[in-house]
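Please have the sequence and the model at hand while reading.

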Amino acid sequence: VASSLSEFTDAAIQLATCPESYRTAQDHGRLVLDRLYSKQQNWQIVEQRLAQVALDREFLRKQRAQDFTRAMLWHQSNRSTEYFSKWIELKEEIQRKEQGKV
């Protein structure tokens, strides 16, 4: 962890240029992940949640209704698809017009 931008960039360069530093950081990262998200610690919670969802569909509906971020991302994804489709249509229309002029 760095306390300034220059320390951060120096550390990033060290990781990018020294394979041994990279491997050491990678090993430390795995240890941290194992401690924070170990299967033994979290599996029981996951199983309980899955059982709750499987038994109570209303619970899942309520959870989804409360998930504003998911809804916002879903909406934005659909909007971007819509605008991309319009862009393709306009591009093809322009190409057809240009081919007709040639």
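The model is predicted, with local features requiring pLDDT of at least 70 and side-chain atom pairs counted only at pLDDT 80 or more, while totals for chains, interfaces and linings use all residues. Numbering starts from 1 along each chain as its sequence is written, and side-chain values rest on heavy atoms, with hydrogens and water left out.

## Helix packing

Two packed helices are described by the angle between their axes and the distance between the axes. Helices here are DSSP runs of H or I with at least four residues, strands are runs of E with at least two, and both are numbered from the N terminus. Axes are lines fitted to C-alpha atoms, for helices over the stretch in contact, and angles between N-to-C directions run from 0 to 180 degrees.

Helix α1 spans residues 5–17 and helix α2 spans residues 19–36; they pack with axes 5 Å apart and at an angle of about 105°. The two helices, α1 and α2, are therefore roughly perpendicular to each other. That term covers angles of 65 to 115 degrees; angles under 35 count as roughly parallel, those over 145 as roughly antiparallel, and the rest as oblique. On the α1 side, Gln14, Leu15 and Thr17 meet Pro19, Ser21, Tyr22 and Ala25 of α2 (contact means heavy atoms within 4.5 Å). By class, the residues of this contact of α1 with α2 are 4 nonpolar, 3 polar and no charged. In this scheme Ala, Val, Leu, Ile, Met, Phe, Trp, Tyr, Cys and Pro count as nonpolar, Asp, Glu, Lys and Arg as charged, and the others, Gly among them, as polar.

Helix α3 (residues 39–55) and α4 have axes that come within 5 Å and cross at roughly 105°. As a result, α3 and α4 are roughly perpendicular to each other. Here Arg49, Gln52, Val53, Ala54 and Leu55 of α3 meet Arg57, Phe59, Leu60 and Gln63 of α4. The contact of α3 with α4 divides into 5 nonpolar, 2 polar and 2 charged residues.

## Salt bridges

A salt bridge is counted when a side-chain nitrogen of Lys or Arg lies within 4 Å of a carboxyl oxygen of Asp or Glu. By this rule the count is 7 salt bridges.

| Pair | N to O distance |
|---|---|
| Asp27 and Arg30 | 3.8 Å |
| Glu58 and Arg61 | 2.5 Å |
| Asp67 and Arg70 | 4.0 Å |

Asp27 and Arg30 are 3 residues apart in helix α2, and so are separated by about one helical turn. Asp27 is partly exposed at 42% relative accessibility (buried means under 20% relative accessible area, exposed over 50%, and partly exposed in between, with a 1.4 Å probe and protein chains only).

In helix α4 (residues 57–66), Glu58 and Arg61 lie 3 residues apart, which means a separation of about one helical turn. Glu58 has a relative accessible area of 37% and is partly exposed. Arg61 is partly exposed at 46%.

## Aromatic pair

The structure holds 1 aromatic pair. The ring centres of Phe84 and Trp87 are 5.7 Å apart and the planes are at 20°, so the pair is stacked. Rings of Phe, Tyr and Trp (its six-membered ring) pair if their centres lie within 6.5 Å; planes under 30 degrees apart count as stacked, over 60 as edge-to-face, and the rest as tilted. Phe84 and Trp87 are 3 residues apart in helix α5 (residues 68–101), and so are separated by about one helical turn. Trp87 is partly exposed, at 49% relative accessibility.

## Two single positions

Asn42 belongs to helix α3 and is partly exposed, with a relative accessible area of 28%. Leaving aside neighbours within four places in sequence, Asn42 is in contact with Leu36 and Tyr37. Asn42 and Cys18 are 24 residues apart in sequence, and 34 Å separates their C-alpha atoms.

Asp67 sits in the loop between α4 and α5. Its relative accessibility is 32%, and Asp67 therefore counts as partly exposed. Asp67 and Thr17 are 50 residues apart in sequence and 42 Å apart in space, C-alpha to C-alpha.
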